[in-house]
Amino acid sequence: MSDDRLIVALDVPNALEGLKLAEQIGDAVSFYKIGLGMLTGGGFALANELKGEFGKRIFMDLKLFDIGATVENAVRGLAQYDLDFLTVHGDPYVVKAAKEGASGKDLKILAVTILTSLDRADLDGALIKDGEIKDLVQERAGNAFLAGADGVIASPQEAALIRALPEAEGKLIVTPGVRPAGADLGDQKRVATPANAIADGADHIVVGRPIWRADDPRKAAQAIIAELANL
């Protein structure tokens, strides 16, 4: 039994390995994320195959960021692929342009707040304004919602703060940086367990390495789904 609250990140080198992984996991997972690292390895072909042949939902994680006209045109083209979720950076003008590009389609535009691999030192290096990350994430999320975003990407540590926003009513919160208890954190710095992320207000959790690096990816995915079922 699958649970589409779990999105598995296919962060493998190419479409052949991604398809092999999806076949290993089988019907245990219904939702997959394909990111930038897969694009030159056949990411769009994999998205089409998983969607058309296997009936999976697809989250294309491209984090688009450019001038408004370029973002709008890019999203309009991407919307032809029958994707479910697409990420853009959370700047309001980017969100508005993406929503224009997705007009008339079911594609959900998700705004990136602050990447889960970043901490305050990283933001200082990027000349991002002062303040605690959780406060900046909440502010960016609120602005993205007001600009028309269907949802936001944020770490699970900020999910409850975002869910408390009046602007968040009816909106999606998708949280990467989710790690089962005891799992290696990798490059993630703001993490939580699957159950905690959902309990704090996330609609979907994104899990990659703890599943695709497991000796039995299907079993690893099923363990997370069982954890969510016990909430």
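## A pocket, a helix face and some rings

By class, 10 nonpolar, 4 polar and 5 charged residues line the second largest pocket; here Ala, Val, Leu, Ile, Met, Phe, Trp, Tyr, Cys and Pro count as nonpolar, Asp, Glu, Lys and Arg as charged, and the others, Gly among them, as polar. Before we go on, note that this is a predicted model, in which local features need pLDDT of at least 70 and side-chain atom pairs count only at pLDDT 80 or more, while totals for chains, interfaces and linings use all residues. Residues are numbered from 1 along each chain as its sequence is written, and side-chain values use heavy atoms, leaving out hydrogens and water.

Let's stay with that pocket. On a 1 Å grid over the protein atoms alone, a pocket is an open set of points where a 1.4 Å probe fits, with protein on both sides within 12 Å along at least five of seven lines, and its lining residues have an atom within 4 Å of a point. The volume here is about 380 Å³, taken as the space filled by probe spheres set on the points. Of the 19 lining residues, Thr113, Ile114, Leu123, Ile128 and Arg140 lie nearest the centre. Helix 6 (120–125) and helix 7 (133–146) each supply at least two lining residues, and helix 7 gives the largest share, 4 residues. Helices (H or I, at least four residues) and strands (E, at least two) are DSSP runs, numbered from the N terminus.

Now turn to helix 3 (residues 43–52). Its buried residues (under 20% relative accessible area, 1.4 Å probe, protein chains only) are Gly43, Leu46, Ala47, Leu50 and Lys51. Viewed down the helix axis, they fall within an arc of 125°, so they line one face of helix 3; the arc is that of the directions from the axis to the C-beta atoms. Their cover includes helix 1 (15–25), strand 2 (31–35), helix 2 (36–39) and strand 3 (57–64), with contact meaning heavy atoms within 4.5 Å.

How many aromatic pairs does the structure hold? There are 3, counting rings of Phe, Tyr and Trp (its six-membered ring) whose centres lie within 6.5 Å, with planes under 30 degrees apart stacked, over 60 edge-to-face and the rest tilted. Phe44 and Tyr81 are stacked, 4.7 Å centre to centre with 25° between the planes. Phe44 lies in helix 3 and Tyr81 in the loop between helix 4 (68–78) and strand 4 (85–89), so this pair ties together parts 37 residues apart in sequence. The rings of Phe59 and Phe85, with centres 6.0 Å apart and planes at 65°, are edge-to-face. Finally, ring pairs link Phe31, Phe59 and Phe85 into a cluster.

Technical notes
Buried means under 20% relative accessible area, exposed over 50%, partly exposed in between (1.4 Å probe, protein chains only).
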